[in-house]
Amino acid sequence: MSCSTLFTLKTSLFASAAVNRSFNLRPTNYSLPTASLNVDVHSNPKTSLHENPKKSSEVIADEKKFVVGTYARAPVVLASGKGCKVYDVEGREYLDLTSGIAVNALGHGDPDWVRAVTEQANVLAHVSNIYYSVPQVELAKRLVALSFADRVFFSNSGTEANEAAIKFARKFQRYSHSDEKLSPMEFIAFTNCFHGRTMGALALTSKENYRSPFEPVMPGVTFLEYGNAQAVREGGIYSATKEFLQSLRTACDNAGSLLIFDEIQCGLGRSGYLWAHEAYGVYPDIMTLAKPLAGGLPIGAVLVTEKVARAINFGDHGSTFAGNPLVCSAAITVLDKISSPAFLASVSEKGRYFKDLLVKKLGGYSHVREVRGSGLIIGIELDISASPLVDACQQLGLLILTAGKGNVVRIVPPLIISTQEIDRAVEILIDCMPVLDQVSTN
Ligand SMILES: Cc1ncc(COP(=O)(O)O)c(C=O)c1O
């Protein structure tokens with residue numbers, strides 16, 4: 001941290017403390033709020049969505065009429081959840097191995113998370129980033145203490161975190177080449193990647209069908225073959241091996257480029273490590289996070305080294321909602337729980353158990369090409385579309401996802417899943433496997 005920045009921070013903190021002392025901003029009957037799950041909230045029968053629940057068919061019909069059709073949704077209307085289970089409006093139970101796409105790492109309704117959110121909502125949900133707030137600064141401190149990074153920028157989603165990373169990288173190059181007319185502004189991304197749907201993150205997303213309807217997107221992006229270390233050295237890039245990541249680090253160092261890791265899905269404990277890159281001992285200059293960080297509230301974060309942060313000035317980037325007290329309090333609870341060594345060890349152990357069981361039980365099925373993954377992010381690659389299997393599992397009360405070109409079953413359960421729930425999920429999966437033979441012979 002540079003001296004001038006420390007000075008600014010200190011003066012401003014002092015100023016806000018002075019304001020609190022000279023003007024009595026607190027009501028005289030103010031007492032510090034206490035965490036209360038049984039907070040005195042009564043639902044308003046006129047506005048409560050819980051008092052007169054709708055049927056699935058009604059919700060689906062209204063959605064088709066009133067919501068822009070960007071999602072090909074499964075015909076399931078979810079109303080509540082607890083742990084690894086979710087329930088639809090008719091009360092049907094589903095074992096949730098999707099976690100809202102790798103978001104609900106602590107499962108649904110974790111009591112500590114509910115307490116943190118309720119307590120903070122009782123006190124202060126939102127303030128503008130033109131003021132300081134304690135939860136944001138505390139969350140940043142924890143993220144820095146637990147990572148390679150020196151500073152954090154908060155956003156509201158994964159794509160926004162990547163958008164900020166793009167701006168920071170460009171600004172860094174402009175700052176580092178301030179004496180040159182044209183600073184380097186090219187990006188290299190890799191095949192089979194997804195980084196989000198805003199114009200910058202979309203430009204870095206390799207899937208053509210996501211990108212081409214919206215072109216022109218941000219220019220200056222080259223796609224290399226993922227995992228091909230030779231291609232990187234040649235300025236150009238398959239699976240994250242230590243050698244591959246190390247070659248990226250070296251290539252970036254030699255070229256004066258920044259290495260950016262998108263850990264939006266694989267980060268924060270999912271791989272069994274707090275950060276997926278820790279398994280390889282290769283560290284980035286910038287890392288983006290989002291999905292699980294606030295346990296279901298919208299958040300994104302960009303972690304940067306001091307050398308990157310030095311290039312960023314007031315006004316270079318910002319957001320109205322980002323890092324507000326509510327999301328940051330929730331995120332502190334999530335981060336504190338996930339970063340405990342015992343929690344991370346349990347993710348690794350359950351991931352190994354899950355993968356071994358899948359390999360054992362799926363070994364005899366001709367459509368299964370490979371079971372892969374690390375920790376509790378597991379892919380089952382098939383030689384045909386995985387959609388019929390996903391639909392059949394849903395009929396039997398198991399929610400799973402597809403990935404890749406649609407031929408991969410993606411399993412990203414809450415990290416708190418039990419071995420009994422893993423056993424049950426594998427049983428349902430096995431019961432549904434014959435559907436693949438029916439589809440392929442039709
Ligand atoms: C690796 C990765 N990056 C970026 C994103 C975009 O995140 P969001 O949907 O929060 O914008 C995703 C979302 O699936 C992702 O998996």
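Let's start with V86, which stands opposite Y94 in strand 3. Strand 2 (residues 85–88) and strand 3 (residues 93–96) run antiparallel and are joined by three bridges. Strands here are DSSP E runs of at least two residues, helices are H or I runs of at least four, and both are numbered from the N terminus. Two strands count as paired if DSSP finds at least two bridges between them.

Before I go on, a word on what we're looking at. This is a predicted model, where local features need pLDDT of at least 70 and side-chain atom pairs count only at pLDDT 80 or more, while totals for chains, interfaces and linings use all residues. Residues are numbered from 1 along each chain as its sequence is written.

Now to strand 8 (residues 286–289). I286 and T288 point one way, M287 and L289 point the other way, and all are buried, meaning that 20 or more other C-beta atoms, placed from the backbone, lie within 10 Å of a residue's own. In general, side chains in a regular strand alternate between the two faces of the sheet. And the neighbours of strand 8? Strand 7 (residues 260–262) pairs with strand 8 in the parallel sense over three bridges, and F261 has M287 as its bridge partner. Strand 9 (residues 300–304) runs antiparallel to strand 8, with four bridges, and there M287 stands opposite L303.

Next, the core. A nonpolar core is a set of buried Ala, Val, Leu, Ile, Met, Phe, Trp, Tyr and Cys residues joined through C-beta atoms within 7 Å. The largest one has 85 residues, and I286, A301, V302, L303, A331 and V334 touch the most other members. Helix 12 (residues 325–338) gives the largest share, nine residues.

What does V302 touch? Leaving out residues up to four places away in sequence, its contacts include F153, F168, I286 and T288; contact means C-beta atoms, placed from the backbone, within 7 Å.

Last, the ligand. Among the residues around it are I101, S157, N162, H195, D262 and Q265, each with its C-beta atom, placed from the backbone, within 6 Å of the ligand. Helix 6 (residues 158–176) supplies the largest share of this shell, three residues.

Methods
A residue is buried if 20 or more other C-beta atoms lie within 10 Å of its own, exposed if 12 or fewer, and partly exposed in between; C-beta atoms are placed from the backbone. Two residues are in contact if their C-beta atoms, placed from the backbone, lie within 7 Å.
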